[in-house]
Amino acid sequence: MAPSGIAATPEKKLGFEFEPSPWGDFFIEYEPKPLQRSEEWMVTRADKLKEDVHMMFNTSNSTEGMFLLDTIQHLGIDHLFEEQIHNTLSKILENKLTSSASLHEEALRFRLLREHGYWVSPDVFNKFKGEDGTFKKDITSQPSGLLSLYNAAHLLIHGEPALEEAISFARHHLELVSSSLKSPLAQQVKRALHRALPRSCKRVETLHYISEYGEEEGHNPVLLELAKLDFNLLQHVHLKELKAITEWWKNIYDHIGLSYIRDRVVESYTWAYVIYYERWFELPRIIIAKMMLLITILDDTYDTHGTIEECRKLYEAVQRWDESAVSLLPEYLKKFYIELLRTFKNIEGEMPVDINYDIAHLKKAVQNNVTGYLQEAEWSHKNYKPRFIDQVNLTSLTVGAPTVCVSMMAGMSDTIMKQALKWTADVPDVVVAAGKIVRLMNDIAAFERGKCNNDVASSVDCYINEYSVTSDVAIARIGALMEDEWRTLNQARFGNRVLLPAMQRIISLALSASFIYDNRNDAYTASKHLQKTIEGLFIKPM
């Protein structure tokens, strides 16, 4: 017997139910406990502390500024000091370190400059090598230096074997000493060995670091107080947004009546938040979250519910993008289709007049997404397993990366908005690379948990099928392919400097995948894995 509301035809997919949301109406009803101080006091105090930090930047030399910049980034308050950071990076770039600089200093300079799109040669590490070209043994007694080297080397691009060697060397020696390290270095090494700092989700790392920084020898209490104040002030902003988008989603979810879809509004907002957490980026946050929810509905319809004929009709309606196309659709999809069109109209209508964002690019990205979903559905209908490369090329787009990246461009400055939007909409290599990382992490997580019977063959399945290898071998080789994509993203930072802000946000999408799919879990689908982090980000003040 077919599940209620699903026609009992031979084509209809087997009923499949996702886990319900653990959040429900929580953020609609949630009222945070009053903080010890008023918001007005917190803003005034934060402004005073920012002045103190300005003075620190103004009075520091290039090496001191380098450590100050690293701490500020790690504490998540770099968005408050953009001008000072720009000036500090210029000083760091102009002033090379002396020959007596430590491994920690040299590696930190290398990482900061490469992160911000300034090229530095890996030859700077040659002074820590012997005549045989290998790293000297004396640096193995410097765990902070090894950690800094390990993190820095993960900014390697294609064709840098010296940095590959640095990663292997640092990892080996960090593993040897990790059990003897004291807090907080012990925790930082453990996290880095799990996922190096340049590959980790910045905002989640900030959660850890704010709680650890006070234990560091010589920590700066001004920076720590400012980080906590800023985090708590932002938390109030994000809670208001979470309430509003949860109400919006609840109205849509109840209205369209599609019980088979994933109810993931909190998870979608959280994903958007870790890409754009800064106060003044509400617009891209909300657009990203809404696009994630809409493409999740489309994905679940194609993947777990619709017949092949319904999938074809939905494709046709989305390509037409007109209310008259609703007549093409089965009754159960008509309300959703109208809501899809209405959501885009509302985004366009509510766009601030000073933001030159052409929503036509976003509409086209969603249409392309659906084109890919239909191809997947056709493969699944024919029980066809594509070649591995064909599967990855298609599903790295249907994972939603182009749509999310086009959404991100709503946060670009007016000077580059038009250029960045068109460039992103054309799906450049950096968008493809980010999409492949998200897709491959997603597929490995899905394979580990056991995929839904209705799913199209994943990249892991296709690799096993095409190369006749075990799942362990397939996952290892896919991991090597992801490493290539990380190097492509690292390379992108040294391209068009005008578009660097856009590239950095696209890279942040790949970084967010390390959070969503950590430990080979799909925390978007099985959202219990996100619960503790969401509480830390939005419920528990610092």
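These notebook entries record what I looked up in the predicted model shown above.

**Ground rules.** I worked from a predicted model in which local features need pLDDT of at least 70 and side-chain atom pairs count only at pLDDT 80 or more, while totals for chains, interfaces and linings use all residues. Residues are numbered from 1 along each chain as its sequence is written, and side-chain values use heavy atoms, with hydrogens and water left out.

**Overall form.** I began with the secondary structure, which comes to 23 helices and 0 strands. Helices (H or I, at least four residues) and strands (E, at least two) are DSSP runs, numbered from the N terminus. The C-alpha trace spans about 75 × 60 × 40 Å along its principal axes. I then checked the radius of gyration (taken over C-alpha atoms; the globule rule is 2.2 Å times the number of residues to the power 0.38). The chain has 24 Å, which agrees with the value near 24 Å for a compact globule of 542 residues. Buried residues make up 56% of the chain; buried means under 20% relative accessible area, exposed over 50%, and partly exposed in between (1.4 Å probe, protein chains only). Of the contacts (heavy atoms within 4.5 Å) with a separation of 6 or more, 74% are between residues 24 or more positions apart.

**Helix α3.** I recorded residues 62-74 as α3, with 13 residues and a reach of 18 Å from first C-alpha to last, close to the 18 Å expected at 1.5 Å a residue. The expected span is 1.5 Å times one less than the number of residues. Because 10 of its 13 residues are buried, α3 is largely enclosed by the rest of the structure. Among these buried residues are Met66, Leu68, Leu69 and Ile72, as well as Asp70 and His74. The cover over them includes α2 (39-59), α4 (82-94), α5, α9 (202-213) and α10. At the start of α3, I found a side-chain oxygen of Asn61 within 3.1 Å of the backbone nitrogen of Thr63. Gly76 follows the helix, with a positive phi near 80°.

**Helix α7.** I next took α7 (residues 161-177), whose 17 residues reach 25 Å, close to the 24 Å expected. Its buried residues are Leu163, Ala166, Ile167, Phe169, Ala170, His173 and Leu174. They are covered by elements including α5 (103-115), α6 (143-153) and α8 (185-194).

**Nonpolar core.** Here the term means a set of buried Ala, Val, Leu, Ile, Met, Phe, Trp, Tyr and Cys residues joined through side-chain atoms within 4.5 Å. The largest has 181 residues, of which Trp271, Tyr357, Met408, Leu509 and Phe538 touch the most other members. Helix α10 (residues 221-256) gives the most to this core, with 15 residues. Leaving aside neighbours within four places in sequence, I found Phe538 in contact with residues including Phe27, His238, Leu242 and Tyr273.

**Ser407.** This residue lies in helix α17 (residues 401-408). Ser407 is buried, with a relative accessible area of 0%. Not counting residues up to four places away in sequence, Ser407 touches Pro284, Ile287, Ile288, Met291, Tyr357 and Leu362.

**Cysteines.** I searched for disulfides (pairs of cysteine sulfur atoms within 2.5 Å) and the structure holds 0. For Cys405, the nearest cysteine sulfur is that of Cys201, 15 Å away. Cys405 counts as buried because its relative accessibility is 0%, and Cys462 is likewise buried at 0%.

Technical notes
A polar contact is a pair of N or O atoms within 3.5 Å; within protein, one must be able to donate a hydrogen and the other to accept it, and residues adjacent in sequence count only if both atoms are side-chain atoms.
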